[in-house]
Amino acid sequence: MLSLRVSLTATALACLIGLPLGALLAVARFRGRNALLVLVNALMGLPPVVVGLLVYLHLSRSGPLGFLGLLYTPTAMIVAQTILITPIVVALSRQVLDDLHAEYAEQFRSLCLGRGQAVFALIWDGRYSLMTVGLAGFGRAVAEVGAVIVVGGNIDHLTRVMTTAIALETSKGDLPLALGLGLILMTLALAVNAMVHGLRVTAVRYAHA
Amino acid sequence: MKRAVAFWALTLALGTIGSAYGQGASILVQSTTSTANSGLYDHLLPEFEREEGIRVDVVAVGTGQAIRNARNCDGDVLLVHAKDQEVAFVADGMGVERFDLMYNDFVLVGPVSDPAGISGMADAQEALKRVAEAEKPFASRGDASGTHSAEMALWADAGVNPMAASGAWYRETGSGMGATLNTAVGMEAYALTDRATWVSFANKADFEILVEGDEDLVNQYGVILVNPRRCPSVDAAAGQAFVDWLLSEDGQSVIAEFRVDGQQLFFPNAQD
């Protein structure tokens, strides 16, 4: 299922990039930090179609990265969605870890932890809350149509995902089919969320056993 | 910095996996939406792929956007329906040569109640003039597509400037044909559409064709190979094979065979 492959990969990449950045923002204190936080929070509202256009302009054959030949591939869709949801992961994880850091700051200082170690410790301790952060990113990625339709092109059997198929059926006037596909997509999202929830419950139980 | 490098390395790795997908030759067609939404490609492409062993991927957007994408070299073949723009595309050196491929016609659709009373009129411009005088809602694509260009030409012939009523009775959706038809049905507005999209459109409600048959409503499709001299990424051999096949007796008869609800939607005319 291409929808899941693209959006889960994008979520994984966004977490890989976003969680350390979020933790670093939670730990670090520097000039302009507040302005940066406002900026990151604002970027959560990035319009998907604008991200799509920016990625299109870079990956287009006449763009700077055109030689890679990535436009209209699943990779281009993953790149666009990663850019779209990384700010969400950074901003939300920063908030979660900021609160956690307030509790632990004293302890970190007494243990003489370096900034890198503190970042790692925070992410590890906040891992259950951060799962929800990941899910928020995944939800945004799997539901958006604006970015993937521009960089993917909605090519049958190649880059057509659930949301672009829904847009296509809507434009054909086949509203029942469009709605049916929507239900399938929501079921998939539900399944992913249930799996993550199950994982969390099992992990917590194991941790306390 | 390290992170950025790692990110791009990962992207590149994924890209290599992505491009390893397509075995054998494949080409990308930048296309208008009507040929895709009506199901023509689903009928046409398997036939070509079987005969020539070349896979064809289609990006279906409005004619205006398809041409823009092709100008950026993002495609091997252009299949659209706005002759002036196509001729300009070739004249600018972006295309090798333009060929007539097939035609059908535009129709004016609207609610059965027909508040402007245009049903059965033979003259499309007169019908539009009447809609404007009655100030009844008209849904326009408003997106520089082929259908939108044709509509604007009809308004100009009719001596009406609909843009003066933009937001009042003249409503530009700025979206594709299907989306515009959905909107028109939703607000009981007249609309100009190509017949192929209309016949295969499933959400007609109480809408029907009100004006058809005017020779000014002919809708000509053209096909162009993107110039490999301007765009080195173009697979000229495979792209040319596709164009040649479309224009051949074989391709033309496959186009003529295509039916929706027993109705022929595209009339090949490459060999006229």
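At what angle do helix α6 of chain A and helix α9 of chain A pack?

1. A word on the model: it is predicted, with local features needing pLDDT of at least 70 and side-chain atom pairs counting only at pLDDT 80 or more, while totals for chains, interfaces and linings use all residues. Residues are numbered from 1 along each chain as its sequence is written, and chains are lettered from A and ligands numbered from 1 in the order in which they are written.

2. Helix α6 (residues 127-143) and helix α9 (residues 175-208) of chain A pack at about 170°, with axes 11 Å apart. Helices here are DSSP runs (H or I, at least four residues), numbered from the N terminus. Axes are lines fitted to C-alpha atoms over the stretch in contact, and angles run from 0 to 180 degrees between N-to-C directions. The pair α6(A) and α9(A) is therefore roughly antiparallel (an angle over 145 degrees).

3. On the α6(A) side, the contact includes A:Y128, A:L135 and A:F138; among their counterparts in α9(A) are A:V192, A:V196 and A:R200. Contact means C-beta atoms, placed from the backbone, within 7 Å. The residues of this α6(A)–α9(A) contact comprise nine nonpolar, two polar and one charged (Ala, Val, Leu, Ile, Met, Phe, Trp, Tyr, Cys and Pro are nonpolar; Asp, Glu, Lys and Arg charged; the others, Gly among them, polar).

4. Now for chain B: its domain assignment gives domain 1 (24-103 + 220-268) and domain 2 (105-217), with bounds from an automatic or database assignment. Their C-alpha centres lie 26 Å apart.

5. In chain B, 17 residues of domain 1 are in contact with 14 residues of domain 2. On the domain 1 side, α2(B) gives the largest share, three residues.

Terms used: Helices (H or I, at least four residues) and strands (E, at least two) are DSSP runs, numbered from the N terminus. Angles under 35 degrees count as roughly parallel, over 145 as roughly antiparallel, 65 to 115 as roughly perpendicular and the rest as oblique. Two residues are in contact if their C-beta atoms, placed from the backbone, lie within 7 Å.
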